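Hello,

Here is the structure I promised to pass on to you. Have a look at it first, and my notes on what turned up follow below.

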Amino acid sequence: MKKQYDVLIAGAGAAGLYAALQFEGCSVLLLSKRELTLSNSSLAQGGVASVQDPAHDGYALHVEDTLIAGGYRNDIDAVDVLVREGPSNVQRINRLGVDFDRNAQGGYEFGLEGGHCRHRIVHHKDSTGREIVNKLLARVCARANIDIAENTQLFDLRPAPRGFFAQLLLPGGTPAQVEARFCILATGGIGRVYQYTTNSAIATGDGIALAHRLGAPIRHLNWVQFHPTAFAAEADRERFLISEAVRGEGATLLNCDGDRFMFRYDERGELAPRDVVSHAIMVESQKTGNEHFYLDITQKEPEFVKNRFPMIYSRCLEEGVDITRDRIPVFPCQHYLMGGIGVDLHGRTGVDRLYAAGECSHTGVHGKNRLASNSLLEALVFSRRAAQDIMARLMQEKAAGPVGETPAPPSLDGRDLPHGLRTEVRSIMQHLYFVIPRPADFPEGLARVEEIVRQLRSGGYAITPDYIEACSLATVAQIILRQAIAEEDEKQARR
């Protein structure tokens, strides 16, 4: 690791890796908070939505599906960029080695998922995210201009006249400081603010909390998506996802009595958007007084199921469920964040030289609810745009020098973090702001979260990975509840 870089990228998921590969002739430091293969991107199952077959699909159809799923709260300009630039980016990663499933004619095999009116999902079995991350990572590792720092945590950015001083926590808790002319935050989601999530262990909202401290706008952080079909394993905080593609291949959703119920709530049945299906499950649960729900794909040929969903089949077997013969127990679970660090169409945050991409950013493409398989697409399209914007600025600037006067390094010493604060934050969020929120209880919950934030920020605690994540989670919960209250107030004012 050097002392000076042109670009610092925090996050090694699809957005961070793809952004890194856009830079040539300049130095890049890529940070991974944990091991390189641990990211929300790696967990993505379904695929990447894009219009690759204009004879049977069209940009206007993909745009409309995205708007319908998002409740028409999307940024139409961002959606247009996503849909029009998406196909070429899918083709680029294909040329970089990402292997998508092919049909008998050699073309892409397109899948169908909830909310889509056409088969347009390119995929690699049921582990598309892992395929993308692994192949992009191999390319990044081969690039001489990119340094990789694994198990390294970014805990502070100090603005300077020509960039940032980044404060890092290296493996073993050793501090380090590097200079960077530009920074891209690609730190992923906020799933660990909930008791149960499909997200990886690193999804603690660190980049969002950091951008908030720097004064970047945080938009619609209360727009949280709950996936309707996470495997219902009560013992696991991280619940593995049963991809929407399973329903796209004909799986039916059943209540505790074995009844197919979705058509009572929406004419699209199991293929309604995620928020609709999640809400229907919660209402059905209240009617039946039971939280047992199931996906059933046993009507399909066993070999088809095993070949189409090898990862889901294997993972369910570990839980004692053979999906070719057994119903899959499912229940809604925190899955994705539509809000985040506010950015423009080039990934700029409003803080000079600070960019954001991927799930931690808010481009506006998703509206209030993300359309299935638009997340990896957004990560690719807008991380490339951010990198291109930075490259243009680097070419205009003079040769790199110090970004500013070097600050004194921070002290990491202090008291131990009290036990239970993160658990309490998760409990508050799970109770107040799950699929059907409890607005009457928002003020009390927010008051306690704000008390926790003040306690953590009062100083005196040692800067450790646990402390950094606790601060991030509490900050994220605080912003979510504040914005949720503001949205409720707006609703009341309109009535």
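Three strands make up an open sheet with mixed pairing, in the order S9-S14-S16. Strand S9 (218–219) and strand S16 (361–362) are at the edges with a single partner strand each, so one side of each has no neighbour in the sheet. Strand S14 (residues 340–342) runs parallel to S16, and two bridges join them. Within that pairing, Ile-341 is opposite Ser-361 of S16. Please keep in mind as you read that this is a predicted model.

The pairings of S8 are as follows:

- Strand S1 (residues 4–10) runs parallel to S8, joined by six bridges. Here Leu-8 has Cys-183 of S8 as its bridge partner.
- Strand S7 (residues 163–169) runs antiparallel to S8, again with six bridges. Phe-164 stands opposite Ala-180 in S8. S7 and S8 form a hairpin with five residues between them, and Gly-172 in the turn has a positive phi of about 85°.
- Strand S15 (residues 354–356) runs parallel to S8, with three bridges between them. Leu-185 stands opposite Ala-356 in S15.

As background, strands of a sheet pair through backbone hydrogen bonds, either parallel or antiparallel.

Searching the whole structure gives eleven aromatic pairs. Why is the pair of Phe-100 and Tyr-108 edge-to-face? The ring centres of Phe-100 and Tyr-108 are 5.9 Å apart and their planes stand at 85°, and planes over 60 degrees apart count as edge-to-face. Phe-100 has 1% relative accessibility and therefore counts as buried. Tyr-108 is buried too, because its relative accessible area is 12%, and the cut-off is under 20%.

Tyr-194 and Phe-226 also form an edge-to-face pair, at 5.6 Å centre to centre with 85° between the planes. This pair links distant parts of the chain, 32 residues apart: Tyr-194 is in the loop between strand S8 (175–185) and helix H6 (206–214), while Phe-226 is in strand S10 (residues 224–231). Tyr-194 counts as buried at 0% relative accessibility, and Phe-226 is buried with a relative accessible area of 7%.

There is also one aromatic cluster formed by Phe-261, Tyr-265, Phe-293 and Phe-331.

Two arginines sit over rings. Arg-370 lies over the face of Tyr-336, 4.1 Å from the ring centre. The ring of Tyr-461 has the charged end of Arg-415 over it, 4.3 Å from its centre.

Finally, helix H3 (residues 59–69). Which of its residues are buried? They are His-62, Val-63, Asp-65, Thr-66, Leu-67 and Ala-69. What do these buried residues of H3 pack against? Their partners are strand S3 (48–49), helix H4 (76–95), helix H8 (274–288) and helix H11 (375–396). When you look at the helix, recall that an α-helix has 3.6 residues a turn, so residues three or four places apart point the same way. After H3 comes Gly-71, with a positive phi near 65°.

Best wishes

Notes:
Residues are numbered from 1 along each chain as its sequence is written. This is a predicted model: local features need pLDDT of at least 70, side-chain atom pairs count only at pLDDT 80 or more; totals for chains, interfaces and linings use all residues. Side-chain values use heavy atoms; hydrogens and water are left out. Buried means under 20% relative accessible area, exposed over 50%, partly exposed in between (1.4 Å probe, protein chains only). Helices (H or I, at least four residues) and strands (E, at least two) are DSSP runs, numbered from the N terminus. Contact means heavy atoms within 4.5 Å. Rings of Phe, Tyr and Trp (its six-membered ring) pair if their centres lie within 6.5 Å; planes under 30 degrees apart count as stacked, over 60 as edge-to-face and the rest as tilted. A charge sits over a ring if NZ of Lys or CZ of Arg is within 6 Å of the ring centre and within 35 degrees of the ring normal. Two strands pair if DSSP finds at least two bridges between them.
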